[in-house]
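Please walk me through this model in my viewer, one selection at a time. I'd like to know what to pick next and what I will find there.

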Amino acid sequence: PKTDIVFLKVHKSASSTVMNILFRFGETHNLTFAFPLGGGYQLYYPHHFLARFVQGFSPQSPRRFNILCHHMRFLQPEVQKVVPSSAVYFSILRNPVQLMESSFMYYKGASAFSRVRSLEEFLSQPYRYYNPASGDRHYARNLMTFDFGFNPDGEVSPERVQLMLKAIEASFDFLLISEYFDESMVLLKELLCWDLDSVISFPLNSRDSSTKSPLPESVVEKLKAWNRLDWEIYTHFNRTFWARIERDIGRERMRREVKALRERQAELARTCLQGTGSVAPKDIKDSSLRPLQHGAARILGYNLKQGLDQELERTCRRLVTPELQYSSLLYKKQFPPQPP
């Protein structure tokens, strides 16, 4: 199994669920994480990543960490200073239309969104609300482009787009697609030589469907145009994703693997969870399992069954521990607080 990993956690793309998978694998195999200084949750995002943002990094002692997976704005020469040269690099993408709709709900306080009632209103005159000089502009335009380290307001000429796609291909071993999450997990398992249980997950940081509404076609087209760089990244890597599956796994085997993954997931859900799945924040009984609520989104969580044996309780709890709580727990394990 591969144990040196860089995961670029792209915002609003099922990346918290992938992070939970990496946290569990790292904890099980006693791996080290490149944590933000002081145990924070982001590596000084939205600044480009620097090695010195990592707790325990010093240029004098070239200490390497196994897993880098907290939010960052990608900058490979700096990333290479904190992980082994053998590290596997991957990320996950989401359709920019749904991505922006999610970003709008989640980052309602961002300067570009705070004065509009709806995404339609924003898109009718984006430059009335969007300021390319504001520090949080990336939440409102080409968010994936930004997370990969590029300029979200960059020009969209075919040459520029090709350069960007080539740069991403040169840095990353593969990119997953959140709309095909189960297929992505099978691909991840294959490329990292992991077993099935290592890539099982329950969706984390997902929001209540009551805050989601389908977008009219006219808005969808405006969204694609406004997020043109993201659209180019997504369509390109969506194609290469399926080409890779054809080449490495084959459709038939992929179908079998996805079926096995879903069956195992359903079995774990029956074993671990009260009820049929995720519940509203107010209905989460164990406060330590309550995810952070953000913007206008209602972030769902889980209730565990009572009376599970110790080992099983631990497995189940890890599957549903929200990102911030899990990150803090692992940070304290890796950097135990010094006794006074």
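Start by selecting Cys272 and Cys316: both are buried in this predicted model. Show their side chains and you will see a disulfide joining Cys272 to Cys316, with 2.0 Å from S to S. Look along the link of Cys272 and Cys316: with -70 degrees about the S-S bond, it is left-handed. Cys272 belongs to helix 11 and Cys316 to helix 12, so the pair ties together parts that lie 44 residues apart in sequence. A search of the whole structure finds one disulfide.

Next, pick Cys69, which is in no disulfide. The nearest cysteine sulfur to Cys69 is that of Cys193, 20 Å away. Cys69 counts as buried because its relative accessibility is 0%.

Now jump to Cys193. Cys193 counts as partly exposed, because its relative accessibility is 46%.

Return to helix 12 and select residues 310-320. Which residues of helix 12 are buried? They are Cys316, Arg318, Leu319 and Val320. Display the surroundings as well: the buried residues of helix 12 pack against helix 1 (15-28), helix 11 (251-272) and helix 13 (323-334).

For a last stop, select Asp309 and Glu311. Asp309 caps the N-terminal end of helix 12; a side-chain oxygen of Asp309 lies 3.1 Å from the backbone nitrogen of Glu311.

Technical notes: Residues are numbered from 1 along each chain as its sequence is written. This is a predicted model: local features need pLDDT of at least 70, side-chain atom pairs count only at pLDDT 80 or more; totals for chains, interfaces and linings use all residues. Side-chain values use heavy atoms; hydrogens and water are left out. Buried means under 20% relative accessible area, exposed over 50%, partly exposed in between (1.4 Å probe, protein chains only). Helices (H or I, at least four residues) and strands (E, at least two) are DSSP runs, numbered from the N terminus. Contact means heavy atoms within 4.5 Å. A polar contact is a pair of N or O atoms within 3.5 Å; within protein, one must be able to donate a hydrogen and the other to accept it, and residues adjacent in sequence count only if both atoms are side-chain atoms. A disulfide is a pair of cysteine sulfur atoms within 2.5 Å.
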